[in-house]
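Please consider the model below and work through the questions that follow it.

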Amino acid sequence: MTNDLPVFRPTTLAEAREAVAEGALLFRGGGTKLDWGRAPAHLDRVVDTTGLNGIREWNAADMTATVGAGTPLAALQGQLAEAGQWLAVDPPLGAEAAATVGGVFAAGDSGPRRLRFGPVRDLVIGLVFVLSDGTVARSGGKVIKNVAGYDVAKLFCGSLGTLGLVTELTVRLHPRPEASRTLRIGADAGTAAALFAEVWASHLEPVALDWAGGGLWVRFQGRVAGVEAQLQRVRLLAEKRALPSEVLEGPAEEEAWRGLVEALAGQPGETVVRGSTLPDGFGPAAEALRAAAGEAGVEAVLHSHVGIGLHTARLSGGDAAAHARAAATWRQSLEALGGHVVIRRRIPGVEEAVDVLPVDPAGAAIMKRVKDLLDPESRCAPGRFGEGW
Amino acid sequence: MTGLRDTLAEILGPEGVFDHPAQRRTYECDGLTAYRVAPSLVALPRTTAEVTRVVQACARAGVPVVPRGAGSGLSAGALPAANGVLIGLARMQRILAVDPANRQMTVQAGVTNNEVNRAAAPHGLYFAPDPSSGVVCTVGGNVAENSGGAHCLKYGFTSHHILALEVVLPDGTVTRLGASAPDPPGYDLRGALVGSEGTTGVVTEVTLRLLRKPEVVRTMVGDFASPSAAGAAVAGLVGAGIVPAAVEMIDNLAIQACEDAVGAGFSRTAGAVLIVELDGVPGDVEAEFEAARRLCIEAGATHLRVAADAAERALIWAGRKAAFAAVGHLSPDYVVQDGVIPRGRLPEVLDRIGRKSREAGMRVANVFHAGDGNLHPLVLYDGAREGEAARALRLSIEIVELCVDYGGSISGEHGIGFEKAGSMPRMFSRDDLDVMQRVRAAFDPAGRCNPGKIFPAPGLCGEGTYRRSPLEEAATVRQP
């Protein structure tokens, strides 16, 4: 879709302003989530953010950093680790770990440890952006607590580049934990849901609580004593149910999680469907997916951030019509539970058969006005959310 | 206004509308009493339907509306419009749904933080934002100001704990923003509305996120020779990778006031006391509490008192939370300020505040959320003395603008309101403010909802006080 378009790669704010001056624009960081949202109606140029790269300011004593939007998240984490800090998001990074801080923010993507640290929206404390009319503006600031002015950054988070080009972000950092362990408990979805309810009702404070690959993954991070004690308590819960479990730590733990998380992005030939429910909706969501996939004749692999209420299904086998049918059926079930379903990566033909990004009509009128006021000519990825926006 | 009064009386009943001057005067200010304006009318609805009809009537009449919760705000954010209707939401006190399994609760906007916590407590849950005014302040007010409190260092601000909002827009339409389940598709309007200080609509219902009460809580109070020494201890904690639930500092002047009022046992001779609280699972808390103790001693703590039980902890917090009111023991009047600085700069900024206080010949007490750099200097004055109130307000604004010079913010939790609208250009460029105004227009194109708040009056624009835009800054940096 974007292969034949001219690419502008600004390296300064002034160049970024020039790059957005005309045409229908697609903002691209690492290019790992270009297929999220609807396919834009029309595009004239790509604005590549990778030239807006690097740490501009790192106040390690205040645990904040200001970075160019095109900074690869992996590179940032590497630098922050030198001072025992990190930006507490762990989303898929994609091929060659290309995902950028700005891209992760614009897509509103997080990862398993959102359970503990909140979504990326809560970690970005300041923003600089360029609107399509050339306005360069900032919101927020550089301190972790700040309520001066509107929190415009919230609108940009998850806007998929439809409001303007984010050029710089200031983020709150967290200390890297002293210890980390994961208990992987073999459990089918029904058993895992019951086990989750027990952990959820206890005083345990897991940083991640996921169900994937036929098991519940419970991760603890913090001080050695706290991590060990909590792990033991969960192990006892598993033993009571006679469920097998294994402890992961060190590089093996990191690699296991990295593998799980990277798989969330899906493979060519797969359709990736993201559902959300309340935390107690995991069991029903898993069951509804099994039924929807069976009915449509496709295979479905589920990875749930159970404690957050986010469920990623990867569909394979079957044609586009079957993928669309499975997604639509699952959506019906999840909406009945008060949740939502959006479609991310998909095989050709799915988008024609099912709405990939249905926005709640209640808020849509104000959202469209926001779009009209910030991007009056509708030049930023026009059509990604709906007609005209 | 007589016609509008009659319309509102039809909607709310005669007891739901105030138009007598004495009644209206009750609503002429919020917690920042230095600014007072009596509204034309006061409307006190009980339901969303009533709010809707009131706002519709005001829209038809072309009259501004100002929403108000408990009136405990400290930035004149609920200052009435002289020609407008003040909508008091304190009668909307129903808790609509409690969902302990999903750690959520839906309440009407006039429910207080205390009532939320009372309803959550039987389930072992609580609402994290804890402004000092929690006994009276409303959830709707928390949403408007994006309130914080002592524990947001670890648990975040109101914005992090709001899942969905029901809001009556200035044209009288009702809409629901956000959702109980995470990540509803579309722009995060709920996120934009939280902290918009009543300038985007009237919030009528709130679905909020609750947290599990921590298994253990440990609290200590350290005495230090000076605020700077206590500030060094804070830097030590942050540097050691400890994220306490709360770190609060009270300077000597404020200690006297707290002790007079509550008698929480703070050392009257200390230059400053630091309250450090850790919570979580026992293994983590014990290790970090011990580390925090060591760091306080290394930073020069002359005495450490560890709360023996929940009662002693409650007493310590009662002392801290009474600080603002207690300053009334020291001075007939005072103004509370709210600024933020990077945590590493605490000692320097406290020295600068001390100098400004001496130059102005006015006493300044300091009580603040040291863990996140959120200062609350209290400027003491006597309103009966000619010109002293004006001098106090000026000093207080100077102090908060000083925070901007150190890379900080003019508000950490109290909001901009009417009080600091004129200081916004110190922090934001004309274009920054223009973008915020565009967002506002998406909700309130006519600017009838809480006018005169947050944004500086248009007349200020030409005075050259505006902060340079990011583009201008970048251009300057790049010059050889």
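This is a predicted model: local features need pLDDT of at least 70, side-chain atom pairs count only at pLDDT 80 or more; totals for chains, interfaces and linings use all residues.

The dialogue below treats each chain in turn and then the contact between them.

Student: What radius of gyration does chain A have, and why does it agree with a compact globule?
Tutor: The C-alpha atoms of chain A fill a box of roughly 65 × 55 × 35 Å along the principal axes. Because chain A has 389 residues, a compact globule would have a radius of gyration near 21 Å, and the value for chain A agrees: 21 Å.

Student: What percentage of the residues of chain A count as buried?
Tutor: A residue is buried if 20 or more other C-beta atoms lie within 10 Å of its own. Among contacts in chain A with a separation of 6 or more, 70% join residues 24 or more positions apart. Of the 389 residues of chain A, the buried share is 58%.

Student: How far apart do the C-alpha centres of domain 1 and domain 3 of chain A lie?
Tutor: The domain assignment of chain A gives domain 1 (1–176 + 359–389), domain 2 (179–262) and domain 3 (266–353). The C-alpha centres of domain 1 and domain 3 of chain A are separated by 26 Å.

Student: How many residues does the contact take from each of these two domains, and which classes are found on the side of domain 1?
Tutor: Domain 1 of chain A gives 7 residues to the contact and domain 3 of chain A gives 6 residues. By class, the side of domain 1 that touches domain 3 has 4 nonpolar, no polar and 3 charged residues.

Student: What radius of gyration does chain B have?
Tutor: Chain B comes to 17 helices and 19 strands, and its C-alpha atoms fill a box of roughly 70 × 55 × 55 Å along the principal axes. Buried residues make up 57% of its 480 residues. A compact globule with 480 residues would have a radius of gyration near 23 Å, and chain B agrees with 23 Å.

Student: Which element gives the most to the side of chain B that touches chain A?
Tutor: In the contact between the chains, 78 residues of chain B meet 72 residues of chain A. Elements giving two or more residues to the chain B side include β9 (174–178), α8 (227–239) and α10 (282–298) of chain B. By class, this side has 36 nonpolar, 26 polar and 16 charged residues. The element that gives the most, with 10 residues, is α16(B).

Key
Residues are numbered from 1 along each chain as its sequence is written. Chains are lettered from A and ligands numbered from 1 in the order in which they are written. The radius of gyration is taken over C-alpha atoms; the globule rule is 2.2 Å times the number of residues to the power 0.38. A residue is buried if 20 or more other C-beta atoms lie within 10 Å of its own, exposed if 12 or fewer, and partly exposed in between; C-beta atoms are placed from the backbone. Helices (H or I, at least four residues) and strands (E, at least two) are DSSP runs, numbered from the N terminus. Ala, Val, Leu, Ile, Met, Phe, Trp, Tyr, Cys and Pro count as nonpolar, Asp, Glu, Lys and Arg as charged, and the others, Gly among them, as polar. Domain bounds come from an automatic or database domain assignment.
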